[in-house]
Amino acid sequence: MKPDIHPVSRHVVFRDRAGGAAFLVLSTLDSDKTVVWEDGATYPVVDVEVSSASHPFYTGAARVMDTAGRVERFERRYGRHADAGGEADGRPAEDR
């Protein structure tokens, strides 16, 4: 590696504003704000809006989409596509 071209990696606390959780990780980010961590040392703190502690995908609070119901509703509304010669609109394919 070339000297003096890489950013300095240091311990930084990322604080989730929505979930209230905080994580101490290595990062190249820097901040003017500081916080005293559980070990008694002072670290720079970066506030984030969403993290794995508050995002619905990670917490299991994600909304499950009913894709089968959506397909059935579409087929009821617009009919099944008649590519196999079926009766999509109630009439035989030769009468259309």
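Visitor: What should I know before I start reading?

Guide: This is a predicted model, where local features need pLDDT of at least 70, side-chain atom pairs count only at pLDDT 80 or more, and totals for chains, interfaces and linings use all residues. Residues are numbered from 1 along each chain as its sequence is written, and side-chain values use heavy atoms, with hydrogens and water left out.

Visitor: Which elements does the protein chain hold, and how do they run from the N terminus on?

Guide: Helices (H or I, at least four residues) and strands (E, at least two) are DSSP runs, numbered from the N terminus. Here you get two helices and four strands, in the order β-β-β-β-α-α.

Visitor: How many bridges join strand 1 to strand 2, and in which sense do they run?

Guide: Two strands pair if DSSP finds at least two bridges between them. Strand 1 and strand 2 (residues 22-27) run antiparallel, with six bridges between them; H11, for instance, has L26 as its bridge partner in strand 2. Five residues lie between the strands in this hairpin, and G20 there takes a positive phi near 80°.

Visitor: Where does strand 4 come in?

Guide: Strand 4 (residues 42-48) pairs with strand 1 (residues 10-16) in the parallel sense, over four bridges. Look for V13 opposite V45 to find that pairing. Strand 4 is also joined to strand 3 (residues 34-36), antiparallel this time, by three bridges. The hairpin of strand 3 and strand 4 has five residues between the strands, and its G40 has a positive phi near 90°.

Visitor: How many salt bridges does the structure hold?

Guide: The general idea first: side chains of opposite charge can pair when their charged atoms come close. A salt bridge is called when a side-chain nitrogen of Lys or Arg is within 4 Å of a carboxyl oxygen of Asp or Glu. The structure holds two. In one, R15 meets D47 with the closest N and O atoms 2.7 Å apart. That pair links distant parts of the chain, R15 being in strand 1 and D47 in strand 4, 32 residues apart. In the other, D47 meets K33, with the closest N and O atoms 3.3 Å apart. K33 is in the loop between strand 2 and strand 3, 14 residues from D47. Through shared partners, R15, K33 and D47 form one network.

Visitor: Is D47 buried, partly exposed or exposed?

Guide: Buried means under 20% relative accessible area, exposed over 50%, and partly exposed in between (1.4 Å probe, protein chains only). D47 is partly exposed at 23%, and R15 counts as partly exposed at 31%. Across the protein chain, buried residues make up 12% of the 96 residues.

Visitor: Which residues form the positive surface patch?

Guide: Patch residues have over 30% relative accessible area and no salt bridge, with like charges joined within 9 Å and nonpolar side chains (Val, Leu, Ile, Met, Phe, Trp, Tyr) within 5 Å. Lys and Arg count as positive. Here R70, R73, R76 and R77 form the patch. R77 is found in helix 2 (residues 67-78) and is exposed, with a relative accessible area of 56%.

Visitor: Where is S9, and how far is S9 from V25?

Guide: S9 is in the segment before strand 1 and is partly exposed at 47%. S9 and V25 are 16 residues apart in sequence and 9.9 Å apart in space, C-alpha to C-alpha.

Technical notes:
Accessible areas come from the Shrake-Rupley method with a 1.4 Å probe; for residues, only the protein chains shown count as cover. The place of a charge is taken as NZ of Lys, CZ of Arg, CG of Asp or CD of Glu.
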